[in-house]
Amino acid sequence: MTVDELLSLRLMVAAGTAAAPVDASTVAAAEIAAGLWERAMSAGRSDRLTPDQLAIIGRLLVTRGESVWLVPVGGRPIVAADWDVTSTGARFEDWRYRVTVAGPSGQAVRTVGSDGVLHFRIRVSDKAPWRGRSPWQVATTTASLAAHLEGSLNYEEAGPVGHVLPVPDVENASGVADALPALRGQTVLGETMGAGWETGQARAPGSREWQPVRIGPNPPESQRNLRGDVQDSLLAAAGVPVELVAPRSASDAREAWRRFLFATIAPVGQVVAQEARRVLGGDGRIDWADLAASDLQGRARSYRQLRDAGMADAEARRICGFES
């Protein structure tokens, strides 16, 4: 981003002409990332969490950085609408949760210990280990810029749209003005200044009279380009390869999907599985075999290369995801 673009953007925000959203979660890139996380997580197979629960966890982790679920005794975990964490000590076992759960008839509040909730969180800070952070809470400058750009473009698009029709005499053109709305477009009459309509003077040679000029949104190209760059940065911050959203080729899309699965979803899945195992028991492992099948050719090549390098068959199969 150039200095001029940054200064222009800040001036628009200060002047109130760029009504920025509250945060970056309202921009398209955030919804693309949240949707990918949600769908990918729901494709995992867990012995304790259902696909719909995994989907909600995935979306909340990328948009909020954490997800809390109340675990009733002998019941199905319920996602929390809000929660507070207090403590009588630094140990995790000392944490107390005041959880709010929502239902069609209202909300209910419960206070339980750490063993009564599932608390999934990512990007945990050493200064606040009881809170998770979304990628856009960490990359605040980029997220703020994205929000301001969306607000600025929205302001631009909300401007007046129509046509200005030059006429020689606005006051005496009421008949034309009355007829124009029937054309289903809003038109404003403006007196022409370049046609030579003085008394007794003929129309200026070569002038193009009665040619309406469209008035409407026209954001600068630099702003549109900047918006694309910032949204790419938001995707990258969320662990979503840009090529997954706008692939240049089929091979780019496959490689992007492989990176998204093995570098983003699978590691986060381990965090989710660990927390599920802590509270719900079982092995907690999440199986990504269905998603990994999309990279079957690549894993087969890796398996062959590992075997050719002398690795034992069982170990090569485990590393390549053919066996658990």
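Ala 28, Ala 29, Ile 32 and Ala 33 of helix α2 meet Gln 231, Leu 234 and Leu 235 of helix α7, where contact means heavy atoms within 4.5 Å. The model is predicted, so that local features need pLDDT of at least 70 and side-chain atom pairs count only at pLDDT 80 or more, whereas totals for chains, interfaces and linings use all residues. Residues are numbered from 1 along each chain as its sequence is written, and side-chain values use heavy atoms, with hydrogens and water left out. Helices (H or I, at least four residues) and strands (E, at least two) are DSSP runs, numbered from the N terminus.

**Helix α2 with helix α7**

- The axes of α2 and α7 (residues 221–237) come within 9 Å and cross at roughly 25 degrees, the axes being lines fitted to C-alpha atoms, for helices over the stretch in contact, with angles that run from 0 to 180 degrees between N-to-C directions.
- That angle makes α2 roughly parallel to α7, since angles under 35 degrees count as roughly parallel, over 145 as roughly antiparallel, 65 to 115 as roughly perpendicular and the rest as oblique.
- The residues of this contact of α2 with α7 divide into six nonpolar, one polar and no charged, where Ala, Val, Leu, Ile, Met, Phe, Trp, Tyr, Cys and Pro count as nonpolar, Asp, Glu, Lys and Arg as charged, and the others, Gly among them, as polar.

**Helix α2 with helix α9**

- The axes of α2 (residues 28–42) and α9 (residues 250–280) come within 11 Å and cross at roughly 65 degrees, and the two helices are therefore roughly perpendicular to each other.
- In this pair, Leu 36, Trp 37, Ala 40 and Met 41 of α2 meet Phe 260, Thr 264, Ile 265, Val 268 and Val 272 of α9.
- By class, the contact of α2 with α9 has eight nonpolar residues, one polar residue and no charged residues.

**Helix α3**

- At 1.5 Å a residue (the expected span being 1.5 Å times one less than the number of residues), the 13 residues of α3 (residues 51–63) should span 18 Å, and the end C-alpha atoms are 18 Å apart, which agrees.
- The buried residues of α3 are Gln 53, Leu 54, Ala 55, Ile 57, Gly 58, Leu 61 and Val 62, where buried means under 20% relative accessible area, exposed over 50% and partly exposed in between (1.4 Å probe, protein chains only).
- Just after α3, Gly 65 takes a positive phi of about 90 degrees.

**Thr 100 in strand β5**

- Thr 100 has its place in strand β5 (residues 95–103), and Thr 100 is buried, with a relative accessible area of 13%.
- Leaving aside its neighbours within four places in sequence, Thr 100 is in contact with Ala 80, Ala 81, Asp 82, Gln 107, Ala 108 and Val 109.
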